[in-house]
Amino acid sequence: MKEYRISAEEAKQRLIIGNQKYIVSNELTSNVSPDTLLKFSQSGQQPYAIIITCSDSRVVPELI
């Protein structure tokens, strides 16, 4: 699997753009079919960012 790196600033910009697309979206266009899930389970994924947060406001992400 080829490693692909991007800068922190590029990752941040991608996340901002993706969030803007999500906010204005009217419909779900993701493919989460069994075939797609199987493909990812066999070939893996290469995320450029991982968001860690908690829905419980009493716990800050740094402690998780």
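I began with Phe40 and found Lys39 over the face of its ring, at 5.0 Å from the ring centre. I note here that the model is predicted.

I then looked at the whole chain. I counted two helices and zero strands. Of the 64 residues, 3% are buried. I read an accessible surface of about 6400 Å² for the chain, with 56% of that area belonging to carbon and sulfur atoms.

Next I turned to Tyr48. I placed Tyr48 in the segment after helix H2, which spans 34-43.

I followed Arg14 to its other contact. Which side chain meets Arg14 in a salt bridge? I found Glu10 there, with an N to O distance of 3.2 Å. The cut-off is 4 Å, so this pair counts. Both Glu10 and Arg14 sit in helix H1 (residues 8-24), four residues apart, or about one turn of the helix. I logged Glu10 as partly exposed at 35% relative accessible area, and Arg14 as partly exposed at 30%. My salt bridge count came to one.

Last, I checked the surface for nonpolar patches. I found Tyr48 in one, together with Leu15 and Ile51. Together these three residues have about 290 Å² of accessible area.

Note on methods:
Residues numbered from 1 in each chain as written. Predicted model: local features only at pLDDT ≥ 70, side-chain atom pairs only at ≥ 80, totals over all residues. Heavy atoms only, no water. Patch = residues over 30% accessible without salt bridge, like charges linked within 9 Å, V, L, I, M, F, W, Y side chains within 5 Å. Areas by Shrake-Rupley, 256 points an atom, 1.4 Å probe, with all protein chains shown as cover. Buried < 20%, exposed > 50% of the residue type's maximum accessible area, 1.4 Å probe, protein only. Lys NZ or Arg CZ within 6 Å of the ring centre and 35° of its normal.
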